[in-house]
Structure formats: C-alpha cells, structure tokens
Amino acid sequence: TKGKVLLVYDGADDLDLLEKMLPTDSTLVHVLVTTRMSADHPILARADRVVSLGRLGAAAGVEALQAWRGCAGQQLEQEEMKFAKRLVSESPIEGLPLAITHVGTFMRKAQVSYQQYYQLLSSEEEELQA
C-alpha cells in the first residue's frame, strides 16, 4: 500500500490485548486509541502523543450534543432537556466526548429526538442484559 494509514481502536479497555495488535512500523501507520484507561498506563506512556480528554459535565455535554445534531444554540423544551442530560450523563455515554459526537451524528442523520434515542438505547441495553 502506498501512503499512510490511520488505524483506530475505539473503546480499547484491554490495553494488554491492544499492545499485541499494534503495528510495528509507525512510519506507515498512525494509531488513534480511545480508552477509559489512565494516560499513565505503561502502554500509553510509550505513545508519541497522548491527549487526555476529561468527561463532559451535563451542560457541556448537552451543548456538544446539540452542536453535533446540527441544533447549536436552539433551546430545548424541558422534557427534551431531561432526556438530553440523561443521555450525556448515564452509561454508556458517561460524558465521553467521542461517544457524544457519535450519538449526535446518529441523531441528526436518523432525525430522532432525545427521548426517542434514550428509549432506543434503554431497550437495547435491556435486550443485552436478558
């Protein structure tokens, strides 16, 4: 292959397993890892660059979600705000910036409300636990 490749490991929580899958030639492959693990983990400490992003609080999370939905600056009705805050604060999103971008983008493309997405997410979690 000509050129460089970007390899993304999203949600990599088993960094020991990840280490076995990392490419050895870093001149051709750039690796992006998203994880909930601490930036001082030995595997991450060897990285060229580590950017630690904190979790977003409810207000900042809703603002980011609104932006990714294409609704920046729009006021939410009280009921929708309740579901928006739940979405960004509860599992599995838990204020994680990348998760918020994924959810906002999906919501924009699927044209679903906060309440609809929250109910969809809740029903999927129930199915997984059954």
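Visitor: Where does L28 lie?
Guide: In this predicted model, L28 lies in the loop that runs between α1 (15-21) and β2 (29-33).

Visitor: Is L28 buried, exposed or partly exposed?
Guide: L28 has a relative accessible area of 42%. Buried means under 20% and exposed means over 50%, so L28 is partly exposed.

Visitor: Which residues does L28 touch, leaving out those up to four places away in sequence?
Guide: With those left out, L28 touches G3, K4 and V5. For G3, the C-alpha to C-alpha distance from L28 is 6.9 Å, although 25 residues separate the two in sequence.

Visitor: Stepping back, how many helices and strands are in the chain?
Guide: The chain has six helices and two strands. Along the sequence they follow the pattern β-α-β-α-α-α-α-α.

Visitor: What does the C-alpha trace span along its principal axes?
Guide: The C-alpha trace spans about 50 × 35 × 30 Å. Of the 130 residues in the chain, 25% are buried.

Visitor: And among contacts between residues at least 6 apart in sequence, what percentage join residues at least 24 apart?
Guide: That share is 58%.

Visitor: Turning to α3, what span should its twelve residues have?
Guide: At 1.5 Å a residue, the twelve residues of α3 should span 16 Å, and the end C-alpha atoms are 16 Å apart, so the two values agree.

Visitor: Which residues of α3 are buried?
Guide: The buried residues in α3 are G61, V62, L65, Q66 and R69. Viewed down the axis of α3, these buried residues fall within an arc of 135°, so they line one face of the helix.

Visitor: What does the face turned away from the buried side carry?
Guide: That face of α3 carries the exposed residues A59 and E63.

Visitor: Which residue follows α3?
Guide: G70 follows α3, with a positive phi near 85°.

Visitor: How do the axes of α3 and α4 cross?
Guide: The axes of α3 (residues 58-69) and α4 come within 9 Å and cross at roughly 105°. Angles of 65 to 115 degrees count as roughly perpendicular, and α3 and α4 are therefore roughly perpendicular to each other.

Visitor: Which residues meet there?
Guide: From α3, A58, G61, V62 and L65 meet M81, A84, K85, L87, V88 and S89 of α4. By class, this contact of α3 with α4 has seven nonpolar, two polar and one charged residues.

Visitor: What about α4 itself, which of its residues are buried?
Guide: In α4, the buried residues are E80, F83, A84, L87 and V88. Seen down the axis of α4, they fall within an arc of 130°, so they line one face of the helix.

Visitor: How far apart are the end C-alpha atoms of α4?
Guide: The end C-alpha atoms of α4 (residues 78-89) are 17 Å apart, which agrees with the 16 Å that its twelve residues should span at 1.5 Å a residue.

Visitor: Where is E94, and what is its phi?
Guide: E94 is in the loop between α4 and α5 (97-110). E94 has a positive phi of about 45°, although it is not a glycine. Most residues other than glycine have a negative phi. With a relative accessible area of 26%, E94 is partly exposed.

Visitor: Which residue just after α5 takes a positive phi?
Guide: Just after α5, Q111 takes a positive phi of about 55°. Q111 lies in the loop between α5 and α6 (114-129). At 70% relative accessibility, Q111 counts as exposed.

Visitor: Finally, which residues of α5 are buried?
Guide: In α5, I100, T101, V103, G104 and M107 are buried. Seen down the axis of α5, they fall within an arc of 170°, so they line one face of the helix. The 14 residues of α5 reach 20 Å from the first C-alpha to the last, close to the 20 Å expected at 1.5 Å a residue.

Key. Residues numbered from 1 in each chain as written. Predicted model: local features only at pLDDT ≥ 70, side-chain atom pairs only at ≥ 80, totals over all residues. Heavy atoms only, no water. Helix = DSSP H or I, 4+ residues; strand = E, 2+ residues; numbered from the N terminus. Expected span 1.5 Å × (residues − 1). Buried < 20%, exposed > 50% of the residue type's maximum accessible area, 1.4 Å probe, protein only. Arc of directions from axis to C-beta. Axes fitted to C-alpha atoms, helices over the stretch in contact; angles between N-to-C directions. Parallel < 35°, antiparallel > 145°, perpendicular 65-115°, else oblique. Contact = heavy atoms within 4.5 Å. Nonpolar A, V, L, I, M, F, W, Y, C, P; charged D, E, K, R; others polar.
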